[in-house]
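My entries follow in the order I made them.

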Amino acid sequence: MSVSLGDMLVKSRMITQEQLDKALLTQKKIGGKIGSVVAQLGFCSEQDIISFLGLQYGVPSADLEQWPAIEPSVISLIPTYLANRYKVLPLKKNGNRLTIATNDPTDIFALDDIRFYTGYNIDMVIASEMSISRALERYYGGTGAIRLKESGHSPLSSISAFGGVPDDALDLRAMEEELIDIDSEFKEFDDEQSVNADSLMKGSENTPVVRLVNMVLVDAIRREASDIHVETYEKQMRIRYRIDGLLQEVMRPNIKLKDSIISRIKILSKLNIAERRLPQDGRIKLRVNLSGGTKVIDYRVSVLPTLFGEKIVLRLLDSDKLMLDLTKLGFEPESLAIWNRQIAKPYGMVLVTGPTGSGKTNTLYSSIVSLNTEDVNITTVEDPVEFNFAGINQVQMKEQIGLNFATALRSFLRQDPNIILVGEIRDFETAEIAIKASLTGHLVLSTLHTNDAPSTISRLMNMGIEPFLVATSVNIICAQRLVRRICAKCKTPDPYQPPPESLLKVGFTSEEIKKGITVMKGRGCEICDNRGYKERIGLYEVMEMSDTLRDMILTGASAIELREQSIKDGMITLRRSGCRKVLDGVTTVEEIVRETVL
């Protein structure tokens, strides 16, 4: 409760001024609302305060212990973070009016936020803080849960949305205080745009929207998410985090907040909030205080127009989470030895392939950092530059002014480079210049989007590169995937061990099965948010170009033939890399089946 309540209690002679002063000092030390502190100190009972407020404001009181069961559809109107932040409980709705229980009818911030979020007019009843807390525990499943909408005829479910963080992690104001600085400014618009932009700007500056967006940005860091998805549909809006490679829904804001939330994110990203027809890309730089230390997080923002509004995806770029030690990425020892041998060569092409989000950039960064010494000149062209490294010259691609991969590569060759990193080979022109650079005394590292290492050869030739250029320039190709690690704290043998015939179909050898395979799994704990997995590890398929493979490329061998020969030469496939990690108890059979094929 606010200080004004304390003044009212003194004025009504329920407590003395000295008692109020003592209560205010205690409140500064332990927190909480002034009414609860007064009751804890024994100056008057909580029920006396509730009765006083009811008479003072003409608000009825309610006994929540005797209140009928509340409908799930009513509970879902107020999300957990608001209910716990303001200690309010939705009780019933009637038309456009929602009745809530509170122990502080003077908290106008709570009423404004709830009215804004739900779109309902609010009626109040007063109840004790203790009874509200018990009801929140009963209906919301504790402070670490979040309500989702019903699915079919199943009862309203609750899933842990903020596991592994303190109970007060959903305190919007506390999170807002953690936001030390946002390096952003409002976008300026011309006269034609200002008419539409004004209303969007006004909505996006509404305090509840600001706090909601701040909370999402900070909580994604707390939960170690790699991406935030803000999606709009015809009648609903949802926010999802990608955690350890899988998307998880964490919130469904009121659809009425759609434009304001999107505009707020676009303002932080320095994007045009009046432009809704075209895709836009931006960036947010955030300094946040977590665990007693300040860290800088970059969010790479992509806005895409969809049928019912704009979808926003924010990629979190946390330099503290960047693993630059090649020995810890997941390479098998023999594959890592081959990789290190090839990237140490003075010239040639090194390619990393895999789908978006498979860790290709991390592998390349780790490689060039290991090569970054005083006697070499390393230059990169990227779209975008995700992380900055001392001693490495990094160029940000800007298509709108003609600075693309091919243009940058031509300039690089006049900069006396030893090592060149090309973010991605997307077209014939880039591929041709990169290959010619690799044939003229430069080590070129780049990425492609293919399913496995052998098919990369076919991809280059499909772009128009001559077979003899591919055969002579490429030194090594690495295909990779990311799978979830079993949580180290709750790892245990799977009580349902798969039968030998199933293991044989997955890709384990007869010898491995005869020796005995113990498949591990995670039971689920507070560290892994009861998922049984925590963090990810790479699966690597490293194809070293031998003389035999070069001859096969020149004679037009298919990707299947190249694959068979590479396996004969000792290549560990993605599936076999996964099987070895299952044998080591690092991941599960389900994970490698999900990410790889035989």
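Entry 1: I began with Tyr365, which is buried, with a relative accessible area of 1%. The model I am reading is a predicted one. Next I looked up Phe389, which counts as buried at 14% relative accessibility, because the cut-off for buried is under 20%. I then checked the two rings against each other. Tyr365 and Phe389 form an aromatic pair, with 4.8 Å from centre to centre. Their planes stand at 65 degrees, and the pair is edge-to-face. Where do the two residues lie? I found Tyr365 in helix α14 (residues 360-371). Phe389 is in the loop between β14 (378-382) and β15 (393-396). The pair therefore ties together parts that are 24 residues apart in sequence.

**Entry 2: the count, and a stacked pair.** How many aromatic pairs are there by the ring rule? I noted four aromatic pairs. One of them joins Phe331 and Tyr540. Their ring centres are 3.9 Å apart and their planes are at 15 degrees, so this pair is stacked. The cut-off I used for stacked is under 30 degrees. Phe331 lies in the loop between β12 (309-318) and α13 (333-343). Tyr540 lies in strand β21 (residues 533-544). So this pair ties together parts that are 209 residues apart in sequence.

**Entry 3: a charge over a ring.** I turned to Arg484 and Tyr533. The charged end of Arg484 sits over the ring of Tyr533. I wrote down 3.9 Å from the ring centre.

**Entry 4: Arg594.** Which residues does Arg594 touch, not counting those up to four places away in sequence? I listed Leu246 and Arg484. That is the Arg484 whose charged end sits over the ring of Tyr533. I found Arg594 itself in helix α24 (residues 589-595). At 37% relative accessibility, Arg594 counts as partly exposed. I also looked up Val483. Arg594 and Val483 are 111 residues apart in sequence, and their C-alpha atoms are 8.6 Å apart in space. A polar contact of 3.0 Å joins its side chain to that of Arg594.

Terms used:
Residues numbered from 1 in each chain as written. Predicted model: local features only at pLDDT ≥ 70, side-chain atom pairs only at ≥ 80, totals over all residues. Heavy atoms only, no water. Phe/Tyr/Trp six-rings, centres within 6.5 Å; stacked < 30°, edge-to-face > 60°. Helix = DSSP H or I, 4+ residues; strand = E, 2+ residues; numbered from the N terminus. Buried < 20%, exposed > 50% of the residue type's maximum accessible area, 1.4 Å probe, protein only. Lys NZ or Arg CZ within 6 Å of the ring centre and 35° of its normal. Contact = heavy atoms within 4.5 Å. Polar contact = N/O pair within 3.5 Å; in protein donor to acceptor, adjacent residues only side chain to side chain.
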